[in-house]
Amino acid sequence: MTYNPAETRYDAAQYKRCGRSGLLLPRLSLGLWHNFGEPVPLTTQKEMIFRAFDLGITHFDLANNYGPPPGSAERNFGRILADDLKAYRDEIIISTKAGWDMWPGPYGQGGGSRKMLLASLDQSLSRMGVDYVDIFYSHRFDAETPLEETASALAQAVKQGKALYVGISSYSGLKTREMAALLKAEGVPLLINQPSYNMFNRWAEQDLFAACEEVGSGVIVFTALAQGLLTGKYLNGVPEHARIHQPGGGSLLPAHLKPENIARARALNEIAARRGQSLAQMALAWVLRLPAVTSALIGASSAAQIEENVKALENLDFTEAELAEIETYAVEGGVNLWDKPSHDQAV
């Protein structure tokens, strides 16, 4: 069956300019980290991507290692793009990344070397069947590679026409400033920074958001729902079909489900209910409250879940009393799996 996008897809959609660039991104973007690899039927993947696009979500966020197995999310997205979305390529933002382990041998074990980044980008373009991506990221800070080399590789991707913009993920405020300066010297702006950020993981508030505003970079946050802790799914125990039991579900650890985190999630759920929102909807609205934040990535296992998340945009305002009450429970919960690279340490 031929896919025809909803004619109303832009009527209620919300977008925000990415930093000081000319690029508009949707307030919610679809991340393909989970549920777009081989274990999930392609028909289900299509339903999610089509529903997202119908709701005005124009940005699809990938990485070379998304799956499982690594690379399969890009291959599947490429098939869907070729079969159903080719005519709408210019309405879509495709982003991908390189920096974590990907293929055997010393050059595929992640990092920020020119060899790793540019070889990986070529592989990503081949898997997706596209000539360029809109955004190419250095997926993590690499303390063992000179930052000048990583910046030069990102700039080369733009100058070769293989990426329109470049970004970084899991970089500290200090390294964000340094990367922006190095890229500027190459004549390429730093478009965007992608940090982990949520109510239980607030490290980015210390300096990163300020750094992004200083250099003119936009921000797109990932794990806004704390790997599922802020969805309400775990308020009464661990469901049988939860991510923690699924292939590739190692981003949620048993330690994350400690009683203190569950108790705080329950209290936050009560605040959300008074706002007329689900816990997930409030958690998304909360990360979008900051002026520095351009967009928040959402994951999904169904089209219905995407619809529910998009409803968060119906109420993005918080009273001072709500924010004060949230502060009581929105504290560090030990859920940041990306702590080392975001604090300038080797992985």
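**Cores, cysteines and a parallel sheet**

The largest nonpolar core holds 99 residues, and L30, I49 and L85 touch the most other members. Such a core is a set of buried Ala, Val, Leu, Ile, Met, Phe, Trp, Tyr and Cys residues joined through side-chain atoms within 4.5 Å. Buried means under 20% relative accessible area, exposed over 50%, and partly exposed in between (1.4 Å probe, protein chains only). Helix α8 (residues 279-287) gives the most to this core, with eight residues. Apart from this core lies another, of 13 residues, including C18, L25, I192 and F222.

This is a predicted model, in which local features need pLDDT of at least 70, side-chain atom pairs count only at pLDDT 80 or more, and totals for chains, interfaces and linings use all residues. Residues are numbered from 1 along each chain as its sequence is written, and side-chain values use heavy atoms, with hydrogens and water left out.

Back to L30. Contact means heavy atoms within 4.5 Å. Not counting residues up to four places away in sequence, L30 touches F36, M48, I49, A52, I57, H59, F60, D61, L297, I298, A300 and I306.

Now the cysteines. A search of the whole structure finds zero disulfides, each defined as a pair of cysteine sulfur atoms within 2.5 Å. For C18, the closest cysteine sulfur is in C212, at 9.5 Å, so it is too far for a bond. C18 is buried, at 0% relative accessible area. C212 is also buried, with a value of 0%.

T176 is found in helix α5 (residues 173-185). Helices (H or I, at least four residues) and strands (E, at least two) are DSSP runs, numbered from the N terminus. T176 counts as buried, at 0% relative accessibility. Its side chain reaches the backbone oxygen of S172 at 2.7 Å.

Next come the strands. In strand β8 (residues 190-194), five of five residues are buried. Two strands pair if DSSP finds at least two bridges between them. Strand β7 (residues 163-169) runs parallel to β8, joined by four bridges. V166 has L190 in β8 as its bridge partner. Two bridges join β8 to strand β9 (residues 218-221), again parallel. There, N193 stands opposite V219.

β7, α5 and β8 make a right-handed β-α-β unit. β8, helix α6 (residues 208-215) and β9 make a right-handed unit too. Right-handed means that, with the strands pointing away from the viewer, the path from the first strand over the helix to the second runs clockwise.

Definitions and conventions: Polar contact = N/O pair within 3.5 Å; in protein donor to acceptor, adjacent residues only side chain to side chain.
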